[in-house]
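This report is meant to be read beside the sequence and the model. It takes up the overall make-up first, and then a few places in turn.

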Amino acid sequence: MNMAQKRSSFKKSRIGIALGSGSARGWAHIGVLRSLEEQGIVPDIVCGSSVGALVGAAAATGCMDRLETWIRELKRVDVVGYMVRSFMRSESIQSEKYLGEIFGQALAETRIEDLPKRFGSIATDLDTGQEVWLRKGSLLSAISPSIAFPGLLNPVHHDGRWLVDGGLVNPVPVSLCRALGADIVIAVNLNGDLLGRNRYGPVDSRDGRKSASSRDLWEKLALPFRKKRGETTPVNTESEPEPIPPGLLEVVTGAINIMQDRITRSRMAGDPSDLTLAPHLSHIGLLDYHRSDEAIREGRACVERSLPALDDLLRRGGAWSEENSFKRFSDS
């Protein structure tokens, strides 16, 4: 009996998937969802935070092909262009504009209540830091604030509040899946291996320094501003080269990774999933949106590695009754 047949034997157990935040690493969600579907595992409930909300909405509306086509066409020069325009204008980008580029009117004309499966996204109240669950109304209005990465995308005004990226408070929304009625929750954590790894590219084996081609995207964007101020890169004339210190923006992205890791660990300790899929994505930076092929492949590989655990989870799930399946979580 394959996994699809096993799935059909316990349809009473509602499966939810919590798609986590992680900026460009979020393209791995596409590989995860594709691979799960091939195994006969189609979630009844989809919840997402930040980029997880974007991919989750594509899955819930049947627009996954459209999203995947768009991101696979993204080039590094396109990403740099978005960033430069944001910096030069000294203002953030409107998320609705780029959602429109990807989905057209599909999101604006779709209401969450009309979706074939339950959907919810996470956002953060910019004034209070409160976690906000978006579970009804316009699908566009639910995604736009969730993906509003501070400093890059504009905050979104929703019901009298300014909302920003949901990953600030709940990077992997297991709790929302439970609240929407999931008996079994599969979480996708994109932040599981961020710390203690070389995230900025290959190292020159001759001196242990990062090669110039691997400099962080943010540092490349900052170069014109340095030149304008007359700053130059110091030339090392000593026989023993000194290690290159991390740049300002490299430090910022590193700090974001640390915060994401700690917040994710804390939230998932309080709201554990039944199974957590953790793709190996430490080599993909926050703004490496052009590396979708790598991320999608790793999403698929992660599911393949987890097939024994998935099989065990689904067999146990089929034995659970409606009365006792994770009631302690859904009641909280």
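## Terms and overall make-up

A residue is called buried when its relative accessible area is under 20%, exposed when that area is over 50%, and partly exposed in between, as found with a 1.4 Å probe on protein chains only. The model is a predicted one, in which local features need pLDDT of at least 70 and side-chain atom pairs count only at pLDDT 80 or more, while totals for chains, interfaces and linings use all residues. Residues are numbered from 1 along each chain as its sequence is written, and side-chain values use heavy atoms, with hydrogens and water left out.

The secondary structure of the protein comes to 13 helices and 8 strands, where helices (H or I, at least four residues) and strands (E, at least two) are DSSP runs numbered from the N terminus. Of the 332 residues in the protein, 50% are buried. Contact means heavy atoms within 4.5 Å, and among the contacts in the protein with a separation of 6 or more, 80% are between residues 24 or more positions apart.

## Two serines with positive phi

Ser23 lies in the loop between β1 (15–19) and α2 (28–38). Although Ser23 is not a glycine, its phi is positive, at about 55°, and with a relative accessible area of 11% the residue is buried.

Ser50 is placed in the loop between β2 (45–49) and α3 (51–61). Its phi is also positive, near 60°, in a residue other than glycine, and Ser50 counts as buried at 6% relative accessibility.

The buried residues in α2 are Ala28, His29, Ile30, Gly31, Val32, Leu33, Arg34, Ser35 and Leu36. Just after α2 comes Gly40, which takes a positive phi of about 85°.

For α3, 9 of the 11 residues are buried, so this helix is largely enclosed by the rest of the structure. Its buried residues are Val51, Gly52, Ala53, Leu54, Val55, Gly56, Ala57, Ala58 and Ala60. Gly62 follows α3 and has a positive phi, near 75°.

Axes are lines fitted to C-alpha atoms, for helices over the stretch in contact, and angles run from 0 to 180 degrees between N-to-C directions. The axes of α2 and helix α4 (residues 64–72) come within 11 Å and cross at roughly 140°. Angles under 35 degrees count as roughly parallel, over 145 as roughly antiparallel, 65 to 115 as roughly perpendicular and the rest as oblique, and α2 and α4 are therefore oblique to each other. On the side of α2 the contact is made by Ile30, Leu33 and Arg34, and on the side of α4 by Met64, Asp65, Leu67, Glu68 and Ile71. Sorted by class, the contact of α2 with α4 has 5 nonpolar, no polar and 3 charged residues, where Ala, Val, Leu, Ile, Met, Phe, Trp, Tyr, Cys and Pro count as nonpolar, Asp, Glu, Lys and Arg as charged, and the others, Gly among them, as polar.

Helix α11 (residues 292–305) packs with α2 at an angle of about 40°, the axes being 6 Å apart, and the two helices are therefore oblique to each other. Ala28, Ile30, Gly31, Val32, Arg34, Ser35, Leu36 and Glu38 in α2 meet Ala295, Ile296, Gly299, Arg300, Val303 and Glu304 in α11. The residues of this contact divide into 7 nonpolar, 3 polar and 4 charged.

## Strand β6 and its partners

Two strands pair if DSSP finds at least two bridges between them. Strand β3 (residues 118–125) and strand β6 (residues 161–165) pair in the antiparallel sense over 3 bridges, with Asp125 standing opposite Leu163 in β6.

Strand β5 (residues 156–158) is joined to β6 by 3 bridges, and these strands run antiparallel. Here His158 stands opposite Arg161 in β6. β5 and β6 form a hairpin with 2 residues between them, and in the turn Asp159 has a positive phi of about 50°.

## Thr264 in helix α10

Thr264 is found in helix α10 (residues 248–270) and counts as buried at 3% relative accessibility. Not counting residues up to four places away in sequence, Thr264 touches Pro171, Val172, Asn189 and Asn191.
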